[in-house]
Amino acid sequence: MKRRLLGVILSVTMAASLLAGCGSDNTTADAGNENAVGTESSKADADAGDAETTTISVAAIETAYGSEMWQEVAAAFTEETGIKVELTTDKKLEDVIGPSMQGGEYPDVIHLATGRDAALTEQFIKGNMIADITDVLSMKVPGEEVTVSDKLAGGFTETSLTNPYGDGKTYLAPMFYSPCGLFYNEGLLEEKGWEVPTTWDEMWELGDKAKAEGIYLFTYPTTGYFDAFFYALMYSVGGPEFFNKATNYEEGIWETPEAKTCFDIVAKLATYTNPITPAQANDQDFTQNQQLVLDNQAIFMPNGTWIVGEMAEAPRADGFKWGMTALPAVEAGGDGYSYTWFEQAWIPSGAEHQDAAKQFIAFLYSDKACEIFAKAGAIQPVLGIADKLEGDNVMFYSIYDNGAKAAMGNFAAFEAIPGVEVRTVFFDPVNSLVSGDMTEDEWIDGIISASDQMRANLK
């Protein structure tokens with residue numbers, strides 16, 4: 001049954017990836033070392049009882065952070081534990097690991113976050129095909145005397161992004177985290193004498209000032225970036241209580257005053273959005289929307305800290321300087337929120353070497369691994385990490401020290417419903433709001449209808 005389901009999943013995934021058309025680099029490396037020697041405690045926990053005869057397969061999505069960091073971490077893990085690693089990294093990871101998984105062969109560890117177009121991780125969640133890794137939290141980090149839970153920052157294993165079934169168990173390990181918010185050219189605002197808005201009323205006032213000078217208030221890379229935006233918006237409008245009810249599709253929640261405020265803000269923001277945005281809001285052209293901010297053709301865009309590396313080589317206006325702010329408060333004195341987005345690593349329930357795979361996940365929070373990741377700009381959610389950062393990251397990761405509140409979590413998982421996904425229901429319609437092909441009421445009606453199905457199929 002699992003293999004038949006996975007065959008359908010991968011057929012859809014591979015078709016979606018072919019349409020994505022992004023550039024791809026494939027890296028497969030054996031990070032093992034025949035002479036590597038690990039600690040006795042680590043070896044004792046290996047699948048076969050002998051770490052040096054164990055080889056695990058690790059598949060990691062290659063993003064703007066690059067693939068070299070994974071090669072270094074895999075080698076460091078082997079040096080520490082004796083467990084060898086066959087590593088695969090690729091920008092189109094779904095395409096690369098798809099055929100073997102369709103044949104019933106799974107990587108032991110997969111680093112692939114939710115929220116991607118192909119939605120492979122979501123499909124594994126819905127198919128109950130991800131292993132329970134709750135015990136990893138109490139494991140000692142290989143080479144250290146502390147447990148994984150001792151190192152993790154608070155809250156990261158108490159969210160639906162890691163505990164998707166609400167059963168008190170952890171299935172996905174929190175990885176590289178990034179405070180999300182509205183990114184902008186601080187140099188432009190300084191030049192114009194414009195203040196960063198702290199409320200949405202101030203945001204609309206700024207939008208009118210900018211429009212008078214031929215500058216749009218807003219753009220977005222793709223509609224997928226509205227997940228972090230909308231989650232933070234729900235928190236700022238109604239707090240955690242409204243967020244939890246909304247993300248669990250409570251009956252009538254989308255007809256409340258809080259929901260109406262959220263919808264009104266997004267709909268109004270659509271009228272202040274650079275009109276070229278929808279045409280470029282896809283996996284091939286999204287950087288052109290980001291370029292609008294660098295060229296002063298739009299002020300704000302929702303994004304995460306990876307944007308700096310992603311656009312490092314892009315041209316930019318004179319005096320450009322990255323700025324980042326939380327979403328404005330609904331009213332003066334209210335709370336502004338910044339969503340904390342993070343990636344996930346997980347073990348397929350069909351993986352062959354699950355015990356050794358758990359050791360690898362535990363090692364991802366070691367000082368050695370965190371240092372390697374941080375050099376590439378990938379920041380692990382461990383305690384005290386911000387004290388070791390420099391440059392723009394100091395500003396980004398101190399956003400919660402500057403008055404913003406952290407928003408975490410996402411929509412609750414539900415059984416697969418043909419044609420119904422969170423992104424297609426809640427976020428993709430923003431393109432049509434901007435283009436004028438959909439009204440706010442039509443968007444709301446679609447959300448209410450789909451939420452009824454999601455609620456009826458909650459896991």
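**Entry 1: asparagine 296**

I looked up asparagine 296 and found it buried, because its relative accessible area is 18% and buried means under 20%, with exposed over 50% and partly exposed in between (1.4 Å probe, protein chains only). Asparagine 296 sits in the loop between helix H12 (286-294) and E8. I take helices (H or I, at least four residues) and strands (E, at least two) as DSSP runs, numbered from the N terminus. The phi of asparagine 296 is positive, near 60 degrees, though the residue is not glycine.

This is a predicted model, so I note the limits: local features need pLDDT of at least 70, side-chain atom pairs count only at pLDDT 80 or more, and totals for chains, interfaces and linings use all residues. Residues are numbered from 1 along each chain as its sequence is written, and side-chain values use heavy atoms, leaving out hydrogens and water.

**Entry 2: tyrosine 249**

I then checked tyrosine 249. Its phi is positive, about 60 degrees, and tyrosine 249 is not a glycine. I placed tyrosine 249 in the loop between helix H9 (226-247) and helix H10 (257-271). Tyrosine 249 counts as buried because its relative accessibility is 0%.

**Entry 3: strand E8**

How many residues of strand E8 (residues 298-303) are buried? I found 6 of its 6 residues buried, so I logged the strand as mostly covered.

Next I went through the pairing; two strands pair if DSSP finds at least two bridges between them. Strand E6 (residues 181-185) runs antiparallel to E8, with 3 bridges joining them. There, phenylalanine 183 has methionine 301 in E8 as its bridge partner. Strand E7 (residues 216-218) runs parallel to E8, and 2 bridges join these two. Phenylalanine 218 stands opposite phenylalanine 300 in E8.

**Entry 4: salt bridges**

Side chains of opposite charge can pair when their charged atoms come close. I counted a salt bridge when a side-chain nitrogen of Lys or Arg is within 4 Å of a carboxyl oxygen of Asp or Glu. The count comes to 17 salt bridges.

I looked at glutamate 190 and lysine 321, whose closest N and O atoms are 3.3 Å apart in their salt bridge. Glutamate 190 is in helix H7 and lysine 321 is in the loop between helix H13 (307-310) and strand E9 (322-325), so the pair ties together parts 131 residues apart in sequence. Glutamate 190 is partly exposed at 49% relative accessibility. Lysine 321 is partly exposed too, with a relative accessible area of 39%.

Glutamate 241 and lysine 245 form a salt bridge with closest N and O atoms 3.3 Å apart. Both lie in helix H9, 4 residues apart, about one turn of the helix. Glutamate 241 counts as exposed at 56% relative accessibility, whereas lysine 245 counts as partly exposed at 31%.

Are glutamate 144 and lysine 151 buried or exposed? Both are buried. Their salt bridge has its closest N and O atoms 3.0 Å apart. I also noted that Glu144, Lys151 and Asp367 are linked in a network of salt bridges.

**Entry 5: a negative patch**

Last, I looked up the surface charge. Glu195, Asp201, Glu202, Glu205 and Asp208 form a negative surface patch. A patch takes residues with over 30% relative accessible area and no salt bridge, joining like charges within 9 Å and nonpolar side chains (Val, Leu, Ile, Met, Phe, Trp, Tyr) within 5 Å. Glutamate 195 lies in the loop between helix H7 (186-192) and helix H8 (200-212). At 67% relative accessibility, I logged glutamate 195 as exposed.

Notes. Areas by Shrake-Rupley, 256 points an atom, 1.4 Å probe, with all protein chains shown as cover. Lys, Arg positive; Asp, Glu negative; His and termini not counted. Charge placed at Lys NZ, Arg CZ, Asp CG, Glu CD.
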